[in-house]
Structures are given as structure tokens and as C-alpha cells.
Amino acid sequence: MVAGTVLTSGGAYAQPSPPPGGTGTGTTAPGGSAAPSAAQSAAQSGAARPAPAAGAVLASADAGPAAVVPTAQGLQQALAAALADKNLGTVTFAVADPAGGQLLYGSGENTPATPASTTKLATAIAALSLIPGDTRLSTRVVKGANPGEITLVGGGDPTLTALPADQVQIGGAPADADTAPASLDALARQTVAALRASGTATVKLDYDLALYAGNPQHKNHDAANIALVVPLMVDEGRVDPKSREDAPARVADPAGRAAEAFAALLKAQGITVEGAPKPSAAPSAATAPVLGRVDSPTVTRLIERTLTTSDNTLAEAIARQAALAAHQPASFEGAATAVTQELARLGVPMTGVVLNDGSGLHPGNAIPPAVLVRLLALAASEQYPQLRPVLTGLPIAGFTGTLGKRFGSGSGAGDAAGLVRAKTGSLSGVNTLAGLVVDAEGRQLSFAVMTRTAAPVDTARAAMDRIVARLAACGCH
């Protein structure tokens, strides 16, 4: 490729954002945005690194003379040795200037490759463009058509929990007021209060799954990496709701299990539930009286969680919300159509892009590296502040989420810990990494590295991390 090329519809693009100089005013995670952190300064000096502030965003580089844009020659020299690592197998990549809109260096940058979980960047961008960030997903209980009948209505919130509040953790940490999931117990208490107020002590319970359409089973469903995609479940369908495994065992019938848990809570509070809960025969009437309602965290927080932990079940739920907002069926196919159409509307070059899901588990997905850096540029653009949660949700190298155990001291990439914020992706033989890094002169760069290799997963990931660490260590001009 030619240095300084502005990416166009062939896989390159024209950056829509105004000149750099700020991070915008979009919603941010708790802790807000931050300038290059103490972790950055410490890494450059060799001192010990403190953990970055929660929710910190890698700051856009100052437009001043100190933050010179790297050249293709400088990047080539800096990255040559790392890119020659045979553990990478087949590797394509792109390095771009998100502020100025230039693709700076790349190889195969316009060639579609399997994105794995970097697909979630596309899902998140489209969803935040289609859905107000303060939207919450509601789970309701309504009166049924006949006396004594009640219906538990799935609203598409897979984070609804059956756990007591003091036992809920997200990514191994206790939930706070912004991230705490909706409580099934709270929903049961509201429902019991409404039933008692009406003099009802005995009910029949069914549950409504009408929000979603199509086959709920993902092509790569393994009852571990993802649950059946249905609009009603608790604790994302985990067999053990407290499990911290990356791919915990999932129940065979998430909706049925959620309804059973709800029935048990009603019974514990003195309501008789006749028979076993069953799927409702027809969608609940929109005008049905509401007996109880609980709401998820905001879509902003759900998307941040999706990206930080690479949560497949939550990603598919977000994709279906995007489909509904775009007036598409809330199915795998409808979600893929909605995301594809919304990205095209935002000016993302879609040549070579193939989406079959919202999570990236589908091996038939394809995205060129240039498109991934384009998505990151949109999220960093002052023109689209509503997309900022894509950046606040990206894991921080060496500290959070799926990058928490990477960029360690023995990896050869440890000096970049705290300086990189990126989405990971992994399928059999496929590893990807796309995100933002601040180089040694304070310039923010976007990058996407996509590999297909037979090397062990940890070996391949470390080789990719060293490429990004070279970006962090150089001015490259």
C-alpha cells in the first residue's frame, strides 16, 4: 500500500471526523476519560506500572508538533521483526491514524479474514448508532387473558439474575449501581405485592418468548461459549450462575429454567403456582396490565460489558436489539442485516464484509483489517459521541477483561501494558486483535491484526501482542 493513503470504498476509507483535539462528550464508563495515564509514563521510564483508572479511555493525541504521524517506512522498520514471527502463520494487518483518516501501513488490509470476536466491534457500533445509549431492557410480568393467569415476558435481557445482590459479580468484580443486573427476586416481590392487592393467591404461569424470531441455536452452539439465544433467561443460561469460566456449561432450556426459578420465588412468598410453567400460546397483549417490571443496566453498560469480557450471549442479545430498532426480525439473519445496513449508512466500506451473527462465533464471518480500523475511527470520532462506549468497553492490555492476562512481563510485550486498549478474537486456528495504542510520542493509532495459524493459541497471541508493543514503543517516522 502507499503511505498516507486515505481509505476509500475499496477497503480504504475517508475519515469523517473533524481534526483531533478532544475525545468528545459521549457516555463513558465509571471513571470517565483520561489523558495518557501514569501507566503510560511509567512504561516509558521502565518504572512499575499502576493499574489504569477504571473506564479510562486512551486519549486522542494532541495535534501539536510533538505528535507527528508515523510514516510507512518508519512503521515497516519498527514492525518487520515482529511480523516475521512464524507463529503468526498467515497474517494481515492495518495501522491507521484515527484522527486524520489515513491508513499508514498495512499488508492484506483489504483482504477479508475471519474476525472471530472482533465482530463485536461491528455489532456494538451499529447498536449504539441505532439505539439510544440510555435504553434499558425490561423483563415484565403481566396479567394473562383469563383470571389467575400471569405471563413472564422476556425482554431480551440475558443478564437478568436469580442471584442475591451480594453474590453478583461481573468479570470477577462486584457489580456497582451502574452495572448491577436486574433481579428476578425483585420482579417476584413486585408481582406478589400486585397479586395480593387484587386478592389473588393462586396463579398459572406461562412465559412469552415472542420478542425473538428464527432458530435460537447458533451454528457453533456448544452449550458453553453461548446459550440458546432466547429473550428470557437468567444468568445467561449458566448451569452455575457463579461460574467464572470463560465458557461455562449452559442449561438446555434457558427460558424454561428462568420461568421455573420465578415460580419458585412466587411460591416462597406464599403464592400457589398451579402446574409447571409453560410457553405462552400467543404473544402477550401490549395493553395487558403489568404486575411487575425490572430493567437491565443501560445499553451503554451492556455493550461495554460485552466488549470487555467478549460475552457471546450478550453480544447476540445486543444484535437482536439492533435488529428490532432497524425493523428487522430479531434473529441471527435479521441482526446481521441490521448491522450490515447500519454500518453502510455510517459510511463503512462493506466490500468483503460478511456477517452471520453478532458475536463472531460463526466461522463464515469475514471482515478486512481496514474495516476494523475504520470502525475504531468512528468510535473515536467527535462526530459520533454516542459511539464512545465502544472505546470505554475495550479491554486494557495487562489489566482488564480478555487482555487481563496478556502483555505480561514474560511476553516480550510487557512495556505496552496499560497503553493498549483492544478487542480480542479467537476461533480454532484464528486469532485477531483490533484496538487503539498510544505511541512513544503520544500519537494515538488504531490497528487490526488478523492471523490464521497452527501455532498454540498462547504462542500466537503473544506474537500478535509483540507487534502492538512495537507500535507503542516507536514514533515510527
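His327 is located in the loop that connects helix 7 to helix 8 (332-345), where helices (H or I, at least four residues) and strands (E, at least two) are DSSP runs numbered from the N terminus. The model is a predicted one, in which local features need pLDDT of at least 70 and side-chain atom pairs count only at pLDDT 80 or more, while totals for chains, interfaces and linings use all residues. Residues are numbered from 1 along each chain as its sequence is written, and side-chain values use heavy atoms, with hydrogens and water left out.

His327 has a positive phi of about 60° although it is not a glycine. Most residues other than glycine have a negative phi. His327 counts as exposed because its relative accessibility is 73%; exposed means over 50% relative accessible area, buried under 20%, and partly exposed in between, with a 1.4 Å probe and protein chains only. Phe407 is placed in the loop between helix 10 and strand 12, and it counts as buried because its relative accessibility is 2%.The chain as a whole contains 11 helices and 14 strands. Of its 477 residues, 55% are buried. The accessible surface amounts to about 18,200 Å², and carbon and sulfur atoms contribute 52% of this area; accessible areas come from the Shrake-Rupley method with a 1.4 Å probe, and for residues only the protein chains shown count as cover. Among contacts with a separation of 6 or more, 73% are between residues 24 or more positions apart, a contact being heavy atoms within 4.5 Å.

Val142 stands opposite Val290 in strand 11 and opposite Thr151 in strand 5. Strands 4 and 5 form a hairpin in which five residues lie between the strands, and Gly148 in the turn has a positive phi of about 85°.

Helix 11 (residues 457-473) consists of 17 residues and reaches 24 Å from its first C-alpha to its last, close to the 24 Å expected at 1.5 Å a residue; the expected span is 1.5 Å times one less than the number of residues. The buried residues of helix 11 include Ala460, Met464, Ile467, Val468 and Leu471. The buried residues of this helix pack against helix 2 (72-83), strand 2 (90-97), strand 12 (420-427), strand 13 and strand 14 (444-452).

Asn431 belongs to strand 13 (residues 430-438) and is classed as buried because its relative accessibility is 3%. Apart from neighbours within four places in sequence, the contacts of Asn431 include Val449, Met450 and Thr451, as well as Val457, Ala460, Arg461 and Met464. The side chains of Asn431 and Arg461 are joined by a polar contact of 3.5 Å, defined as a pair of N or O atoms within 3.5 Å; within protein, one must be able to donate a hydrogen and the other to accept it, and residues adjacent in sequence count only if both atoms are side-chain atoms. Asn431 and Thr453 are 22 residues apart along the chain, with 8.1 Å between their C-alpha atoms.

The structure holds one disulfide, a disulfide being a pair of cysteine sulfur atoms within 2.5 Å. It is formed by Cys474 and Cys476, whose sulfur atoms are 1.4 Å apart. The angle about the S-S bond is -80°, and the link of Cys474 and Cys476 is left-handed. Both Cys474 and Cys476 are buried.

Three further buried positions were examined. Pro389 is in helix 10 (residues 389-393) and counts as buried because its relative accessibility is 0%. Pro389 and Ile125 are 264 residues apart in sequence, and their C-alpha atoms are 9.0 Å apart in space. Thr313 is in helix 7 (residues 312-325) and is buried, with a relative accessible area of 3%. Beyond neighbours within four places in sequence, Thr313 is in contact with Pro158, Ile226, Ala227, Met233, Glu236 and Arg250. Ser280 lies in the loop between strand 10 (278-279) and strand 11, and counts as buried because its relative accessibility is 18%. Not counting residues up to four places away in sequence, Ser280 touches Asp206, Tyr207 and Asp208.

How values were computed: Pairing = 2+ DSSP bridges.
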